Amino acid sequence: MMWVSSSFGDGDIDVKPAKKSGSIKSEKRPFPGSSSHGHKVVEKEEYEGDLWVEVNQPISVADLAVHPKKVAQVQEWLKSHVLSGPVKDTPILLLTGPPGAGKTATLKLLARQESLEVQEWVNPVTEVHQLSADDPTAPRGSRQLPQATVFKDFLLRASQFTSLCMAGAPKSDLKLVLVEDFPNVFYRDRSQFHDVLRHVREVGCFPVVFIVSETSGNDSRVRDLFPSELQLQLKVDVISFNAVAATNMQKALSCVLNKEAARRSSFKRPDKDRIQEVVQVSAGDIRSAVNLLQFSSLRVAIDRTSKVLKKASTSKGNMSKSTTNKHKPVKEKASAEQNGGKDISLFLFRALGKILYCKRSEEEERGLPPLPPHLWDQKRLPMLIEPETVVHACPLSAEALCLFLQQNYPEFMSEVTECETVTRYLSDADVVSSEWSARDTLSHYGVSVASRGLMHAKTAVSKGGWRPLYKPEWYSVQQKFLSNRRTAVGKYVDQCLPAVELFTQKLPFLNQIHPSRNTKPRFTASLRAANARPQKLEETEAIFDEEDGETQALPSLPLQQCTVPNEIDDEVIIEEYDSD
Amino acid sequence: MHPEFVRRCDSVPAKIVAKKNITVPVLLKSRDSGCCEREHFVVRMSLWVDKYRPTSLNKLSYHTEQAAQLKRLVQNGDFPHLLVFGPSGAGKKTRIMCLLRELYGAGVEKLRIEHHNFTTPSKKKIEITTIASNYHIEVCPSDAGVQDRVVVQELIKMVAQAQQLDSSTQREFKVVLLTEVDRLTKDAQHALRRTMEKYVTTCRLILCCESTSKVIPAIRSRCLGVRVPAPSNEQICSILQTVCKKEGLALPPELASRVADKSGRNLRRAILMLEACKVQQYPFRPDQQVVEADWEVFLRETANAIVSQQSPRRLLEVRGRLYELLTHCIPPDVIIRGLLTELIDSCDGQLKAEVTQWAAYYEHRLQLGSKSIYHLEAFVAKFMSIYKKFLDEGMAAMML
């Protein structure tokens, strides 16, 4: 028996989405539908080691899981810029979107349809040259040009000249330069890249397409590599892809399964629940979805065999799994994630919604002792979700999440007594999490207290209807407070007054006595104006740049006691011992 | 002027207390950023509060006995560390400045503003502004937040190590005036205690705070405590009259007593109010409205909004107003106290106790927590809920 065996049969275990610079692209990612495709099908009929992602590349526009509008956009661009023949200024297209959204597939498919030649940049393999360049002992051959230069050469040449006509290769006058790998130098030194781009724009005549994957985090790659002024200057067209929608994904997956079933007679289709789960777990990443599907269908087969061995009652097999699905959704989901699903971070918007709407199940939990009469008003139906799982999946810090909850809860409460309960718990949470020596541990408890308190306080199910969510005002309030304070204190140093007295006693009157020297902003008089709402939270917004508030607040020195705990960091502790 | 004092100078106007409304060039030297000498011409803004502030112990208009005692204390040529405490607007600072003048002469009134930079052992930069004369330096170490210990130590060390220029004609020590001592962290207070002992030969400390309850006993016992009680309403009235006489204005006694009443025995506030009244309307009328601080009016409106309706929506509106107050740098504990006084007026007897208890509870929370809005809002919500319950019960009783 083998200790380690590949889960994909005896093929390579290299899971697809891993992009390695240096590995030869065309091997990993064959041009879809290139003549070798049909070839493979015939030759390796029973061979399971191929990745489905590679084998089952889409062959027609209808196969694409991408939204038709996006496909049309790309097609339009190709028509207007490429098919019209070599042009003077190199048209540049930038495709952005989350990984696995089908950017590359769309482009390559369309290029093939229009029989365009695609020339792709692949980061060169060896990286040792930098060191060995001035090292005489190094072998001669290892000396190479810097990557950036190579890239520049490639881009200039590729965008100016057609490739040589090789025997057998389909000859076309039109071609496309594709850059998906960016030499690492450019991430460090963007201006270099920008210079190359400008140059190419001037001299090139074949269109250049850049594909940049964005991650959900605050990834600034697009912004760094293609800042908006550059986009304007070079007339870069941008088409941004969204993550693949669930329905499209489902269609694509069943399409892949159909193909697989046609390819291999022994193939067992995974059941519907399985597909659904895959769709859910992959969070709009078609590549990982197909991989996961392949993997999980493999598992089904293994499960089945093991069950056959273990149990005599084999009749259930596959079915038993799908029935258990319903009962233990949480556990099942966990297993799917183990099986290589994406680690989905809930969008902030949805995370907040889950806590604020607080859906409860219809029926009571059985087997619990009844509450004593004096606690009857505390009785609640079991919650559908655990707030901790939501908090865990949410990419925010505990502190920031509490602020979000605090900002948004009143809209969801019908009674002021409920608000009172919420605020009490929020107050508790703040006290719990601001004990600075134990902050790291306690902040989780803090957010638990806040979210559970909020969910408990809500007695009535919120009446349907969508309510907008807002970003917390606290950070901006804090910033304004600090800047007001700094300016005022700076301006009236000569008043020899403690800050509190300056603000509560002298300044207000100073305003009235010398209205012309009005330095203090006036109170907005009306209730409505004071209640000017903060920024709305966009649905897709995953990361809230909470740093803005915090980092700007930190460096300033004069602070009142309300903000002091914010400032405390580990440094303080150290410093206690190194004096006297 | 001592070079030790001047670390860095900015283009912040220097201050001249002694000669009001006169421009005087002040030379500032900088050690760190090479030698740059600048002259500042400043026109002092003339508020009555500053204009009629007594400058010598003889001219103080109340607590005269205490003033005489202080004078005797200084006449001996030396004095211990002082801890001056008393409510806001009682005249602590005035007395301290008078004392310093008694000690060093008119030179203490030539003040300059200095910016000091300190670096903590953990390489954190602290910038703090001080006001100093040749003989004393005034600093509010609590401006440095949690790093106040460094400021206390370094500053005193700096002052104490610099010798007086001419010790034959002058006192042998300088004075460091620390304000808001009650806001210092415990750490800083202990540091202060040690430094106090170490440099007792070359510098005296005058600590100034509202209440000694937050000052550690070790410091209290090392200082001579000087309590400056708030002036009585009559004393305030007579001072207001004196001010008006000097300004050449006629002040109806009714208005004076009403201003004194509104000021809450805070002389600074009383004089400011009087001047604001004068700007608003002169000649004075006895039934003239006394001008209040804008935030107090705002706070009252907020309290009214809370009392008039109790709903989540109103809570949201009140939150907006609380934020407004916070951005105007009104400290949260002042807000909660102000709200309480306003709210309690519209409460029934037994409710008063309950509301007060909750206010105290949430003010305590405020000190423990880090984000004031949680606790302020919790207090408002608590009040709303109590008050609504009270109203509902009242309604139910009426129906029966």
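What share of the contacts in chain B between residues at least 6 apart in sequence join residues at least 24 apart? In this predicted model, the share is 70%.

## Chain B

Chain B has 400 residues, and 43% of them count as buried. Its secondary structure consists of 14 helices and nine strands.

## Nonpolar cores

The largest nonpolar core comprises 154 residues. Leu401(A), Val84(B), Leu207(B) and Leu240(B) have the most contacts inside this core. Helix H14 of chain B, residues 372-399, gives the most to the core, with 10 residues.

A second, separate core holds 57 residues, including Leu78(A), Phe186(A), Ile211(A) and Val290(A). In soluble globular proteins, nonpolar side chains tend to be buried together.

## Packing of H19 and H21 in chain A

Helix H19 of chain A (residues 398-408) packs with helix H21 of chain A (residues 439-457) at an angle of about 20 degrees, and the two axes are 9 Å apart. Because angles under 35 degrees count as roughly parallel, H19(A) is roughly parallel to H21(A). The crossing of H19(A) past H21(A) is left-handed.

On the H19(A) side, the contact is made by Ala398(A), Glu399(A), Leu401(A), Cys402(A) and Leu405(A). H21(A) contributes Ser443(A), His444(A), Gly446(A), Val447(A), Ala450(A), Ser451(A) and Leu454(A). By class, the residues of this contact are seven nonpolar, four polar and one charged.

## Leu401(A)

Leu401(A) belongs both to the H19(A) side of the helix contact and to the largest nonpolar core. Leaving out residues up to four places away in sequence, Leu401(A) touches Val391(A), Cys394(A), Leu396(A) and Val447(A). Of these, Val447(A) is one of the H21(A) residues in the helix contact.

How values were computed. Residues numbered from 1 in each chain as written. Chains lettered and ligands numbered in written order. Predicted model: local features only at pLDDT ≥ 70, side-chain atom pairs only at ≥ 80, totals over all residues. Axes fitted to C-alpha atoms, helices over the stretch in contact; angles between N-to-C directions. Helix = DSSP H or I, 4+ residues; strand = E, 2+ residues; numbered from the N terminus. Parallel < 35°, antiparallel > 145°, perpendicular 65-115°, else oblique. Left-handed = near helix turned anticlockwise from the far one by under 90°. Contact = placed C-beta atoms within 7 Å. Nonpolar A, V, L, I, M, F, W, Y, C, P; charged D, E, K, R; others polar. Buried ≥ 20, exposed ≤ 12 C-beta atoms within 10 Å, placed from the backbone. Core = buried A, V, L, I, M, F, W, Y, C linked by C-beta atoms within 7 Å.
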